[in-house]
Amino acid sequence: MNVKADNGRVRLGVLAAMIVCGGTAAWVVPGQPASAQGAAVRHRMTKITDTIYRADAPGTPGINSTSWVFVNDTDVLVTDSEGSPASARSLLDGVKSVTDKPVTYLVDTHFHIDHAYGNAALPASVQVIGSDFTRKMLLSPEARQGVTFRNFTDPMPGRIAGLKTQVAAEADAVKKATLQQQLAAAEASLAVYTGNFPLQAPGLTVSGTMSVWSGSKEFRIMWIGRAHTAGDLIVYVPSEKAAATGDILFKATVGWQGDAFPNDQPATLDALKKLDVELVLPGHGDHIQGRPAVETAITTMQNYLREEWRQVSTAKQQGVSPDDALKRLDLTAFSAAYGQGVTPSLAAVRRIYDIVDGKAITQ
Ligand SMILES: [Zn+2]
């Protein structure tokens, strides 16, 4: 593939030499040889069109997002390396199970743990592309201490303690074995994120729009505004009328908002709406198919974000604490669209307070 800068800066960064430590061994289930587990493809590959696959790994160890695999005439482009080196290796095994063509590009849609923490396991032949902001975050303490990292990792010890209690109490041998597997997986996950686990930032960064060409097929990699983070990228494929959108839009959920900009996201979604897109490929869950469904998903999300911002920022102006603002918050008008996830987390409320106070990292 060739890379061409349109109106964004393109920089070939120095790929830092990373020592991959702990990632592989930590995922080994006791009693089984590592090689046997390494051979298993844990990712589920679902064909969406002739050239696009969804890759996800439900019920497997680790923290995963949904990756999208674009199979071209001579090569492959993938979005998101997922939550750990082991997850990335499993993802690449999944790609190999559907095509012999090499993965040449991987696009980090954003810096979050479940999307970009597998970068370090990618071979040097895979060029990792991300936004300037994603690179900055992955190289900063935020990647190992930030609100999103802690949201994923803080509950792990409690979950492990609960599983240990369940294992001890379970009399049924089959159920006990399943619980023990879950416990081993949870302990392995915690081991990965404890200590100096390997991270790798994208070596090719974009601040505006960059096109990657595979033959005559264009992948337009675009930053279209702040949304789920300050540095989300979308991968727009005009010939397919498709866009991989990371976590800025989902079919049936609002998603985590600990690093989000709900004040800016509606305008960003307007920019998405202006593209000729009939297939949205989100960073979690199912794709959104057909122009009417795409427009409905965008409009619903915009209305939700505007109402969430209005209520929470009003509470802040009135001097209400974030906890009380969350108690007051009523977004049940959107229950049909977002179900039980209609009420955001306390982190989402705190985030809005931080934005109003000018404390959010905006670029
Ligand atoms: Zn995210």
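The model is a predicted one, and its secondary structure comes to 13 helices and 15 strands. Of the 363 residues of the chain, 42% count as buried. Among the contacts in the chain with a separation of 6 or more, 68% are accounted for by residues 24 or more positions apart.

**Helices α10 and α13**

- Helix α10, which spans residues 291–317, packs with helix α13, residues 346–356, at an angle of about 65 degrees, and the two axes are 10 Å apart.
- The two helices α10 and α13 are therefore roughly perpendicular to each other, and the crossing in which α10 passes α13 is right-handed.
- On the α10 side the contact is formed by W309, V312, S313 and K316, which meet V349, I352, Y353 and V356 of α13.
- Sorted by class, this contact of α10 with α13 has 6 nonpolar residues, 1 polar residue and 1 charged residue.

- Leaving aside residues up to four places away in sequence, W309 touches P262, N263 and I352.
- W309 and I352 are 43 residues apart in sequence, while their C-alpha atoms are 7.2 Å apart in space.

**The buried face of α13**

- A348, V349, R351, I352 and I355 are the buried residues in α13.
- Seen down the axis of α13, these buried residues fall within an arc of 155 degrees, so they line one face of the helix.
- The buried residues of α13 pack against α10 and also against α11, which covers residues 322–328.
- V349 and I352 are buried in α13, and both of these residues are also among those that meet α10.
- Just after α13, G358 takes a positive phi of about 75 degrees.

**Helices α7 and α8**

- Helix α7, residues 156–169, and helix α8, residues 173–192, have axes that come within 9 Å and cross at roughly 160 degrees.
- That angle makes α7 roughly antiparallel to α8, and the crossing of these two helices is left-handed.
- From α7, the residues M156, P157, R159, I160, L163, K164, Q166 and V167 take part, and they meet K176, L179, Q180, Q182, L183, A186, E187, S189 and L190 in α8.
- By class, the contact of α7 with α8 has 9 nonpolar, 4 polar and 4 charged residues.

**The buried face of α9**

- In α9, the buried residues are Q265, P266, T268, L269 and L272.
- Around the axis of α9 they cover an arc of only 155 degrees, which puts them on the same side of the helix.
- The cover over the buried residues of α9 includes the strands β12 and β13 together with helix α10.
- As a general point on such patterns, an α-helix has 3.6 residues a turn, so residues three or four places apart point the same way.

- E278 is placed in the loop between α9, residues 265–274, and β14, residues 279–282.
- With 16 C-beta neighbours inside 10 Å, E278 counts as partly exposed.
- Not counting residues up to four places away in sequence, E278 touches K241, G290, R291 and V294.
- E278 and A293 are 15 residues apart in sequence, and the distance between them in space, C-alpha to C-alpha, is 8.4 Å.

- E82 has a positive phi of about 70 degrees although it is not a glycine, and its place is in the loop between β6, residues 76–79, and α2, residues 85–96.
- Because 30 C-beta neighbours lie inside 10 Å of E82, this residue counts as buried.
- K241 likewise is a residue other than glycine with a positive phi, in this case near 50 degrees, and K241 lies in the loop between β12, residues 234–237, and β13, residues 242–246.
- K241 counts as partly exposed, with 14 C-beta neighbours inside 10 Å, and K241 is one of the residues that E278 touches.

Conventions: Residues are numbered from 1 along each chain as its sequence is written. This is a predicted model: local features need pLDDT of at least 70, side-chain atom pairs count only at pLDDT 80 or more; totals for chains, interfaces and linings use all residues. Axes are lines fitted to C-alpha atoms, for helices over the stretch in contact, and angles run from 0 to 180 degrees between N-to-C directions. Helices (H or I, at least four residues) and strands (E, at least two) are DSSP runs, numbered from the N terminus. Angles under 35 degrees count as roughly parallel, over 145 as roughly antiparallel, 65 to 115 as roughly perpendicular and the rest as oblique. A crossing is left-handed if the near helix is turned anticlockwise from the far one by less than a right angle, and right-handed if clockwise. Two residues are in contact if their C-beta atoms, placed from the backbone, lie within 7 Å. Ala, Val, Leu, Ile, Met, Phe, Trp, Tyr, Cys and Pro count as nonpolar, Asp, Glu, Lys and Arg as charged, and the others, Gly among them, as polar. A residue is buried if 20 or more other C-beta atoms lie within 10 Å of its own, exposed if 12 or fewer, and partly exposed in between; C-beta atoms are placed from the backbone. The arc is that of the directions from the helix axis to the C-beta atoms.
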